[in-house]
Structure formats: structure tokens, C-alpha cells
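Please consult the sequence and structure shown here alongside the text.

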Amino acid sequence: MPERNQTRILLLVAGIGGAIGTTVAAAATLMQVRPEQVAPYLTTPVCAPDLPAPMAFQVAGWDTQPRPLVEALAESAIVPGGIWREVRSGIEAVPLLSAPPVGAPLKVRVETLLTDIEELRRRWPHHRPVLANLLPAAVDPDLTACTTLEALLAHPDAGTLPDLAYVLAALKAGIPVINFTPNRVEIPPVAAMAAAAGVPLLGRDGKTGQTFFKVVLASALKARGLRVDGWYSLNILGNADGANLDDPGRAAGKLANKTRLLDEILGYPVTDAQGRSTHKVRIDYYPPRGDAKEAWDAIDFSGLFDLPMSLRLDLQGRDSILAAPLVLDLARWSVALMQSGIAGPVSDLGFYFKKPVGDDPPITFAQQLAALDRLAERCRRSRP
Ligand SMILES: NC(=O)c1ccc[n+]([C@@H]2O[C@H](COP(=O)([O-])OP(=O)(O)OC[C@H]3O[C@@H](n4cnc5c(N)ncnc54)[C@H](O)[C@@H]3O)[C@@H](O)[C@H]2O)c1
């Protein structure tokens, strides 16, 4: 079928019934009738205005919860009903597929998902499919010993990371993958499979609120020649992600992603005189807040003559409202990269992620913006 007929992105969402998944479904459906309510909040029209990828989306996805998406939207109240009710029938038409049983062998789950994917492709043959992984944060099963795909499929712990079935199915089907979760799916055999299949792999751990501002502020303090002596970051949130992150095992990956990047940006470890880390990050589940996450930062720094100063940042954000547009942006990037022949882990999208995949990702905010320019230019140059 000619390229110009591929006018939409088929956004396949693992975990579509969750806070971000339902917000993505509402935003993508609204985009068709009221683009002015969604498009101004995307980054791609600004950072990559010539991106040769459609702005229109058809969403479908999987969840373990059979609850209809409109019920989940109404219950979470993340998107006010007055905004999405106009497109209720469109959201009701979004295919919600059953997740493959977690107890089944990984290979069987991949095959089940491949059958679903082929069915969705038959239904929308002119759309460009992209997978967005929005599953809950999981305990890292440590699959570093798996150097081949066969070893991965046979590893007894691979099944404990449900994300892998979705990622492997997408790559087998030649579909780009966005890993918005903190879960480490970009292990060597998966990265090699993406590169060999000519498919871009984007991730990991969306950079939506506190960490976004941390990168901006740390980059600014470094550029200004001010030394960071300590940085205390507290998050309170009351959504399902917050409840899940109350489990220290599941929070470990996210905390590591939120912590590591400060030293990298500054170029020195943030410690006291005894070498003890003075960069603290906490995530606390606090039900009254729901999705309205608050992130509070106390930053201690020093200037001329080592004299101390201090800065406070209080972000009263909305977790999924910040995250959903980035998922749509990343879907557009995925399609453009695939069309440009850019495959495997894409490190130049570090702007969007706490722990960018691939080699030598950009570190400071200025470097991350420059990397986006570079990538947009590569996409522009490869256009026929
Ligand atoms: N909101 C943010 O700003 C942000 C930023 C960075 C990363 N993230 C990550 O994005 C992910 C999604 O966040 P969320 O707030 O939507 O979480 P959520 O818990 O609301 O949604 C996860 C969904 O996945 C479903 N699910 C669980 N196991 C499944 C399986 N095996 N197959 C299919 N579906 C399954 C759950 O039923 C739920 O509907 C999390 O990993 C979170 O840490 C979020």
C-alpha cells in the first residue's frame, strides 16, 4: 500500500486501563475532533516541526482488568468528565484486549500477543503500529546472564517481568517499542533483536515531573558555576503507581533512575565532606492526593568563598496529565525513526527519559535539546 495512505498511528498500549493508558486513550480520541485541546501540549510540533509522522492516533491495548475504559476514566477522575464525554463513543470503541495469563510460559504469551497484533493490523492495515509499555513498575529479575533470545525465553525468571512478552511480540512483528516504565527490558538480546529487525527501541522511565525539573535546574546550577552540596527530593502521590511503588523492591529501579542522573549532570558526586551521599530521593504513597502528585525539592548549594545558599521547588503536578502527551510524542518519534531507518536503542531521546537506553545518551538539558535537534535533522535528511 502506498506510504501516503498510512495516515495514522496505531498505538498499542500494554496497561491501557491504567492512569496513563486511559488518559492517552481520551487524549488520542479527542485529538480527532478537538485537536486544539491536545496538540498544543505535545513537544514534537515544537522540537521537531517537520517530523514525517502522523498526528492522528487509533488506540488499542491490553490490560489484566476487564473494566471498560470509560468506567476507569470516570472512576479515576484524572480527566474531567466534561472533557471526554463528548468522545465517549470513540473511547468505548477502543479495543481492550485481555492480557495473556501471567502464569503461561513467556513463549506462549508472546505467541498470543502476536495473534492479537496481527488481528489489529488486519483491522487497520494502513496505520503505523507502535507499542507503548505502561505496565506497573516491577522487581528487576536480573536477566543479565541471558545473552541470547533462546536463553531469555528459557530463563525461569523472565516470566516474572510481564513487559517482556509485549516487547518481544512487538519486535517480532517489526513494531517500534516505547518503554515508559522503569522496568529494564532493554537487555542485550532484546536490544540486538530490535537492531536486527530495523526497529527503534525507546526508553526507559518517562521523565515527566520532578526529574524533568531536576535536570533543568542541575544543568543551570552547573552552567552558573554553583556547587550542589545536597539535594533532597520528596514525592507524595496516591494513584496506583504510588501504591505499587510503596513496595521497596518495585521502587528500587525508579529511585535509582531518579538518583543517578544528578551526579552525571554535575560531573561530581553530591556528598558531604565524609563522602556520604547527600542526594536523597523519597517516594511516599499518600492516598488523598490521587494522581495529583506533589514533588518537593530542597537544594543546598554554595557560591563564591564557599558561602551556602538554598532553593525550594514545590511542584503540584498531575502525573498522568504530564505523562500522556509524552507517550503521543514518543509514538510520533517512533514512526519517524523507523521511516528513517534508525533502529535499536535510541539514546538521543534522553529528553523524554530518566534512564535513556543506548550508548552515550545526552546528559545536561542543553545536550538533550541538541540531541533532539540532531535526531530531527536525521529524520528530515532521510525523507525521500
Ligand atoms: N505518571 C508518570 O508521570 C510516570 C512517569 C514515569 C514512569 N511512569 C511509569 O508508567 C507506568 C504506568 O503508570 P500508570 O500510572 O499508568 O500505572 P497504573 O498502575 O495506573 O497502570 C498500569 C496498568 O497495567 C495493568 N496491568 C498490570 N499487569 C498487566 C499485564 N500483565 N498486562 C497488561 N496490563 C497489565 C494494570 O491493570 C493497570 O491498569 C508505571 O510503570 C509508572 O511507574 C509513570
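**Helix α10**

Helix α10 (residues 210-223) comprises 14 residues and spans 20 Å from its first C-alpha to its last, close to the 20 Å expected at 1.5 Å a residue. Helices here are DSSP runs of H or I with at least four residues, strands are runs of E with at least two, and both are numbered from the N terminus. The expected span is 1.5 Å times one less than the number of residues. The model is predicted: local features need pLDDT of at least 70, side-chain atom pairs count only at pLDDT 80 or more, and totals for chains, interfaces and linings use all residues. Residues are numbered from 1 along each chain as its sequence is written.

Within α10, Q210, T211, F212, K214, V215, L217 and A218 are buried (20 or more other C-beta atoms within 10 Å of the residue's own, with C-beta atoms placed from the backbone). The buried residues of α10 pack against β7 (227-237), α12 (248-266), β9 (294-302), β10 (308-316) and α14 (365-381). Just after α10, G225 adopts a positive phi of about 75 degrees.

**Domains**

The protein chain is divided into domain 1 (3-206 + 320-381) and domain 2 (210-316), with bounds from an automatic or database domain assignment. Their C-alpha centres lie 27 Å apart. In domain 1, 20 residues are in contact with 21 residues of domain 2 (C-beta atoms, placed from the backbone, within 7 Å).

**Ligand shell**

Of the 33 residues around the ligand, G15, G18, I20, A99 and T181 come nearest (a residue is near if its C-beta atom, placed from the backbone, lies within 6 Å). Helix α13 gives the most to this shell, with four residues.

Conventions:
Two residues are in contact if their C-beta atoms, placed from the backbone, lie within 7 Å. A residue is buried if 20 or more other C-beta atoms lie within 10 Å of its own, exposed if 12 or fewer, and partly exposed in between; C-beta atoms are placed from the backbone.
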